[in-house]
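Please read it alongside the model.

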Amino acid sequence: MAELKRTPLYPLYQAYGAKTVEFGGWEMPVQFSGILREHEAVRTRAGLFDVSHMGEFEVRGPDALRLLQHVVTNDVQRLEPGAALYTPMTNERGGCVDDLLVYRWDKDRFWVVVNAANIEKDYRWIAGWRDKLGLGAEVTDRSAEIALLALQGPLAEQILQGLTDTDLRPLRYYHFCEGRVLGKPVVISRTGYTGEDGFELYAAAEDSPALWEGILAHGQPQGLVPAGLGARDTLRLEARLPLYGHELTDDITPLEAGLGVFVKWDKGSFVGREVLAEQKAQGVKRRIAGIQMQERAIPRQGYAVRADGREIGRVTSGTQSPTLKVPIALALLDADYAGVGAQLTVDVRGKEAAAVVVKTPFYKRPRRSDG
Amino acid sequence: MSQIPADLKYSKEHEWVRVEGNRAYVGITDFAQDELGDIVFVELPEVGAQVTANETFGTVESVKTVSDLFAPVSGKVVEVNAALADNPERVNESPYGDGWMIVIEMSNPEELNELLDAAGYQAHIGG
């Protein structure tokens with residue numbers, strides 16, 4: 001097995017009690033104080049995650065916009081400088097090469113933030129289309145020099161505001177700006193992957209240990225805790241945010257994944273458009289649905305889902321929901337059985353456990369009363 | 001550093017055994033609960049069930065993973081820690097105390113000789 005990659009924060013993990021696991025070729029912290037405790041902290045106070053394993057590409061040049069418009073399904077044209085969008089990136093069969101964020105710096109300059117396990121694949125894919133179409137755009141992989149910290153939770157703004165001169169209140173969801181945190185230059189992005197308010201901070205790799213320590217020390221009195229990938233997974237699952245390799249793969253289309261809102265039909269051509277248009281016209285045959293177990297059994301990825309005596313799909317992600325205290329899952333199901341209220345069973349290690357299709361997200365954060 | 005009480009016997013599968021006469025209390029070790037992380041379900045046999053050494057007698061699920069429980073000795077299950085159904089976190093909090101799982105009335109106490117002592121278990125987990 002190839003040696004695992006480590007983020008610039010790796011040397012600090014032990015001092016904060018981290019337990020590490022392999023994730024997408026990286027040795028990452030799965031937990032610090034415990035998944036349930038970290039999950040609860042993010043839902044009620046705040047958590048700080050090291051997500052420096054994520055990849056960052058810079059795409060710039062006169063044809064940068066054309067290139068991105070061709071490879072992703074969302075409409076990058078509509079993005080104003082200082083704003084970001086979420087989008088699937090599809091192959092010719094309509095399946096997902098990856099899902100990613102696009103940040104627009106100015107007319108001809110963008111950042112693309114991709115999943116750690118897909119960095120090489122995505123780079124080849126984007127640069128490959130650039131070459132194939134003969135476009136004037138430079139694609140640079142800056143992943144190694146950029147660290148990424150995610151500060152998430154209802155107290156995230158209050159905590160971060162104590163460490164920066166940038167006024168955070170006007171920074172809207174899916175917008176970003178340059179600023180300083182603890183004196184270090186960072187890109188402050190109001191985005192996240194937990195279903196809570198929060199920020200993602202892009203910083204120089206060498207500045208990231210001081211940021212990690214300083215943010216935790218400052219936020220600790222308000223209940224901020226370091227959080228790992230375990231809590232990140234349960235948080236995103238409750239919020240029904242897809243995870244590449246689970247709800248999205250090279251063989252699952254954005255329409256099947258319930259991400260149709262991120263496929264824009266009025267933007268012109270893009271890779272996979274014809275297949276997706278056909279699928280939309282016909283209606284999807286299978287789709288990702290949320291299920292809740294009706295007995296004490298946790299559905300895990302790969303478990304078979306049955307109805308009317310036959311297999312009608314598979315679990316893509318499942319866990320005991322720390323917030324709801326019941327087992328929940330996302331599953332790729334035959335569309336005939338994916339409607340809310342459908343009664344199913346999940347084969348939990350040989351036992352047929354009762355489940356029902358429910359509305360998603362499983363958890364939605366309360367609206368800000370002052371917003 | 002994992003706790004490994006000196007007066008218990010241990011299996012390589014990370015169960016502990018406390019012998020009281022012909023009865024064996026069984027649970028999982030501090031090392032095992034720490035490796036699993038937050039435990040959310042414990043599935044145990046009914047009182048009266050027969051269990052066989054080195055075969056599964058239940059499962060324990062943490063947020064991240066599910067793991068089989070292996071009987072360290074053979075016999076009849078005479079007590080089950082019913083409190084774990086609603087308070088599975090007791091296995092994390094007190095693996096050798098309130099987190100005990102079952103009591104087995106041993107049919108072949110000779111099997112105890114196959115188990116590790118504290119030093120042997122310590123070496124087994126590389127401590």
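1. A salt bridge is taken here as a side-chain nitrogen of Lys or Arg within 4 Å of a carboxyl oxygen of Asp or Glu. By that criterion, chain A and chain B share 4 salt bridges. One of them pairs A:K19 with B:D34, with the closest N and O atoms 3.8 Å apart.

2. The model is predicted, so local features need pLDDT of at least 70 and side-chain atom pairs pLDDT 80 or more, whereas totals for chains, interfaces and linings use all residues. Residues are numbered from 1 along each chain as its sequence is written, chains are lettered from A in the order in which they are written, and side-chain values use heavy atoms, without hydrogens and water.

3. In the interface, 19 residues of chain A are in contact (heavy atoms within 4.5 Å) with 16 residues of chain B. A:R296, A:R300 and A:R349 supply 40% of the area that chain A buries against chain B, more than any other three residues. Buried area is the accessible area (1.4 Å probe) lost when two parts are put together, summed over both.

4. A:E27 lies in strand β2 (residues 26-31) of chain A; strands are DSSP runs of E, at least two residues long, numbered from the N terminus. Its side chain makes polar contacts with those of A:Y10 (3.3 Å) and A:T20 (3.0 Å). A polar contact is a pair of N or O atoms within 3.5 Å; within protein, one must be able to donate a hydrogen and the other to accept it, and residues adjacent in sequence count only if both atoms are side-chain atoms.

How values were computed:
Helices (H or I, at least four residues) and strands (E, at least two) are DSSP runs, numbered from the N terminus.
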